[in-house]
Amino acid sequence: MNSEPQNLQHINNYPEFLKPRLRLFLSADIAGSTAAKQKESSFYKEGEAPRKERGWMEATVYFFEEFSSQFEAAWALADNAYHSVSGTKKSKNNPPEYWKAIGDEILFYKEISQWEEIWIAIGAWSVAIKKVRHELHNKFNSLGLDIKGTAWIAGFPVINTELVLNIKSTPNSAEYKPQIDFPIFSNICNLDQYYKSLSAGRHPAGERDFIGPLIDAGFRVSSQAIPGRLVISIEAAYAILANKLKHGHVKAIQEEVKEFPDFKLYYAGRKHLKGFSGSSGYPLFIVDIGLPDDDLFSSEAKLLTKTNTCNMVNEQEALDFCEKYFHDGTSVCHPYIYDEVDSILLGGQMPQGHLMRLSELHDLWIKISANALSSPVKVSLSDNETEPENIGIDKITDLAGLPARTQI
Amino acid sequence: MVLVSLLRRGAPCNHYSWSTYNQIMSEATQKNYEAPLPCGWGKNTIEGIAERFAVAINFKCDDEIEPVVSRLGGSIEYEDFPLENAMLAGWIEVEGTKDFRIRLNNDANSIRDRFTIAHELGHYVLHYLFALEKRGNFKLSANLIDGKRQGLDPDPENEANYFALALLMPKIAFTESYNANTSVVKHKNPLELVATKFGVPIWAVNARADSLELIK
């Protein structure tokens, strides 16, 4: 562990879009919806009476509407309760934001400025899963729907990056801007504008998306999600384990939000995720979100434990494992928050390689913003001239060594 | 750790990675390349040369331009350019007649590549082939980062740009399309339609329209 504080003051002067950011990504997906849709489609066959019960459409709309509001409310309550009990200030702690919906999956993200925000947001996500799952069971019982949850974290802009999409060009784009022809630089300029709009309180042009290896990893992890449980990446598990999650704080939050989980972590072992972790597999952890009303879950949890496939972890042992995994891994690193002064986490330090890359990107940005990387395309030529002789097609053919043209 | 960032680059073929601008210039010096000198011709002459060149090489404005390079005996290489020239679109190095290569920036999009190839062919025709009689045999490197050439009047870069505009957007076809799309068709960005038709950046459509005095 490197305990030397890093001097990262210069990064504070970088444009907003280049400042390192750690984001938590949260996914909730309806399980069993495909089967419900297929089953329901049979009711619209010719000669069949239309189904009278409420079906997948109502359930899905209900899920999207309810999940967002349940999560946002649970997060706000949990966050307030935490700051109240811990006596900490809410400095840059912005609320989680809706990212997008993909099919029956809803995704949020949360910018992380302090480590505890990770487990608070994951806890609130668990609450929403638990509540909406319960409501789906009550209101749409015949459909057999459940909810699968996933959480993972990803750092920007060195490992992963942001994209601004769907910016429509305007007639004024005929004006020459060198970056237009270079998608990567165009995106950098769009990102700068996006962040400037956000800072100014304006609605930014275009839609932002997140891409990169850790985003891919998160979606791969979500493919392993289990109904009624919350599967989390090793980086997210590490962030929970390593950053002073105090069970006293959890208890205080539970007084406000009673479904808030105890944060018992289970280790689900290594899973083969397509494209990740080679042959050894990717380690997955599960947060027990606590489903006391669900006999099936409780019974399966016991079975998993007894068959040694999913064990509740000893927190120190799990932390040791995560440290070793990050140390030995070639494609992962400790998550870090660049301006987090608390150095308890080794991840609080930015790797030198990241600092160098960031500096390179900043240099590039300086040149782009100064428009110093390309000359404008000028065509200012004289139009008063007498054309010289002997510059006909045959001359060009001859000079270029092309085969002589056949005279027609 | 695999670093994927805002500056991720791929190299489909003929991959080179330059570390510094000095490396480029050093190689150009070692190989005794010379910078292009302006031909000094005006718009009409260069327009005429581009039209005749298109006929000579059997190129129509909606054709792909890469085969033209092959037909002339040249090659195209895609490279990672150094940071300080990250938005340099490309340049041409000519060893001799039927022996040249056009070096393109991996980060540019395909529409810009098309314009860059036409621009470099402009250098090849105007500043190499037509310069041979005056300069004798020489080797040409027409990269845009030669500081000594900046501010020349006439500027060989302007000449190559005009050649590219005329080659990719022939006067008659362009005028017809531009007038039709800007005056009749209701579209939020008519220049985009013209740009798509001719396979060029929108700014190039604007530059061509300006040079032909079509902008009302």
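**Close-up 1. B:R112 and A:D181 are both buried.** Buried means under 20% relative accessible area, with exposed over 50% and partly exposed in between (1.4 Å probe, protein chains only). The side chains of these residues, B:R112 and A:D181, meet in a salt bridge (2.7 Å, N to O). B:R112 lies in helix α4 (residues 110-128) of chain B and A:D181 in the loop between β5 and α4 (183-199) of chain A, so the pair joins two chains. A salt bridge is a side-chain nitrogen of Lys or Arg within 4 Å of a carboxyl oxygen of Asp or Glu. Helices (H or I, at least four residues) and strands (E, at least two) are DSSP runs, numbered from the N terminus.

This is a predicted model: local features need pLDDT of at least 70, side-chain atom pairs count only at pLDDT 80 or more, and totals for chains, interfaces and linings use all residues. Residues are numbered from 1 along each chain as its sequence is written, chains are lettered from A and ligands numbered from 1 in the order written, and side-chain values use heavy atoms, without hydrogens and water.

**Close-up 2. B:E47 forms a salt bridge with B:R208.** Their closest N and O atoms are 2.5 Å apart. B:E47 sits in helix α2 (residues 43-56) of chain B and B:R208 in helix α9 (residues 202-211) of chain B, so the pair ties together parts 161 residues apart in sequence. B:E47 is buried at 6% relative accessibility. B:R208 is buried at 0%.

**Close-up 3. A:E162 and A:R208 meet in a salt bridge.** The N to O distance is 2.9 Å. A:E162 is in strand β5 (residues 161-165) of chain A and A:R208 in strand β6 (residues 207-211) of chain A, so the pair ties together parts 46 residues apart in sequence.
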